Amino acid sequence: MYKRLERNDPCWCGSGKKYKACHAAFDDKIIKAELSGIEVPTRQLLKTEKDIEGIKKSAVINIACLDEVGSKIKAGMSTEEIDRIVYETTTKMGGIPADLGYEGFPKSVCTSINDEVCHGIPSEDIILQDGDIINVDCSTILDGYFSDSSRMFCIGNVSPEKKRLVDVTKECIEVGLKNVIPWTRIGDMGHAVHQHAIKNGYTVVREIGGHGCGNEFHEEPWVSYVSKPDTGMLMVPGMVFTIEPMVNMGTDKIFIDEENDWTVYTQDGKPSAQWEVEVLVTETGYEILSY
Ligand code: MF3
Ligand code: CO
């Protein structure tokens with residue numbers, strides 16, 4: 001249960017102000033929602049100014065990695081080379097690749113091509129081909145703060161069908177962002193994303209979604225992009241989470257590589273696309289932290 005402080009206590013947010021002059025009214029709103037049965041974030045999920053500064057600094061590296069990959073990526077390149085770019089860029093800037101060693105993940109970045117949905121493992125043996133679409137999903141730690149974003153890249157001449165999948169998936173991010181509205185529910189946002197994908201004839205992966213992020217790699221809430229309206233956690237200013245729908249051209253069914261236990265594929269072998277943005281809920285809407 002979310003708890004009020006005493007009115008003259010110093011506020012929990014670290015502002016140094018008295019509670020009554022700082023987050024008291026804010027907390028009343030959260031408690032009211034909670035009493036009406038809506039899931040609300042714990043205080044721990046609400047980022048302080050210091051947290052937000054830290055996440056933004058981490059995101060500078062995160063974005064630099066994807067920019068660097070974007071400037072170099074081309075047909076004939078191995079995904080190992082992408083891994084090297086991410087490792088070098090991250091460590092030169094003082095960061096740590098969050099993926100490296102995460103639950104045993106062996107590389108610094110995920111590279112997922114065509115029918116690979118996510119968690120593709122970079123390798124010297126995987127060479128980018130003309131016509132491929134690839135998701136590069138990069139996560140960064142700096143001073144204990146996490147940033148997480150991903151982009152799609154089209155290699156050479158990509159078919160109009162695949163190009164459209166990539167573009168519509170990006171539109172899904174825009175739709176998601178537009179629906180990051182403080183004091184509304186995250187299920188409404190996910191629902192809007194899903195609607196945009198199905199309107200375009202696509203499906204959205206159900207089992208894997210987004211997540212709170214910032215002070216940990218993966219925090220509450222888990223974020224679905226096949227959610228129902230009027231469900232899920234209340235979006236409250238100070239929350240940070242990712243919007244990262246995996247949009248499939250065919251079935252939403254997926255399976256995991258039995259050999260490496262990581263790479264996720266579409267069951268029908270049709271392409272999948274994903275973009276990922278890390279977003280802060282603000283008083284008036286949202287702020288993009290990493291993209
Ligand atoms: N970056 C992924 C995400 O968006 C997580 C990858 S975990 C890894 O949440 F171990 F596969 F790298
Ligand atoms: Co993520």
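This is a predicted model: local features need pLDDT of at least 70, side-chain atom pairs count only at pLDDT 80 or more; totals for chains, interfaces and linings use all residues.
1. Two strands count as paired if DSSP finds at least two bridges between them. Strand S3 and strand S12 (residues 264–266) are joined by two bridges and run antiparallel. Glutamate 116 has tyrosine 265 in S12 as its bridge partner.

2. The sheet itself is open. It has three strands in the order S3-S12-S11, and the pairing is antiparallel. The edges belong to strand S3 (116–118) and strand S11 (254–256). Each has a single partner strand, so one side of each is left without a neighbour in the sheet. On average, neighbouring strands of this sheet are turned by 40° against each other, direction ignored.

3. Next, the metal site. Which protein residues donate to the cobalt ion (ligand 2)? They are Asp148 (OD), His211 (NE2), Glu244 (OE) and Glu276 (OE), at 2.1 to 2.3 Å from the ion. Along the chain, the donors of this cobalt ion follow the spacing D-x62-H-x32-E-x31-E.

4. Histidine 211 sits in strand S7 (residues 210–212). Glutamate 276 sits in the loop between strand S13 (272–274) and strand S14 (277–281). The pair therefore ties together parts that are 65 residues apart in sequence.

5. Are histidine 211 and glutamate 276 buried or exposed? Buried means under 20% relative accessible area. Histidine 211 has 5%, so histidine 211 is buried. Glutamate 276 has 0%, so glutamate 276 is buried too.

6. Last, the geometry. Six donor atoms surround the cobalt ion (ligand 2). They subtend angles of 51 to 159°, which makes the arrangement irregular.

Key. Residues are numbered from 1 along each chain as its sequence is written. Chains are lettered from A and ligands numbered from 1 in the order in which they are written. Side-chain values use heavy atoms; hydrogens and water are left out. Helices (H or I, at least four residues) and strands (E, at least two) are DSSP runs, numbered from the N terminus. Axes are lines fitted to C-alpha atoms, for helices over the stretch in contact, and angles run from 0 to 180 degrees between N-to-C directions. Donors are N, O and S atoms within 2.8 Å of the metal (3.2 Å for Na, K and Ca); water is not among the atoms, so sites may look incomplete. Four donors count as tetrahedral if all angles lie between 85 and 135 degrees; four count as square planar and six as octahedral if opposite donors are over 155 degrees apart and all others between 65 and 115; anything else is irregular. Buried means under 20% relative accessible area, exposed over 50%, partly exposed in between (1.4 Å probe, protein chains only).
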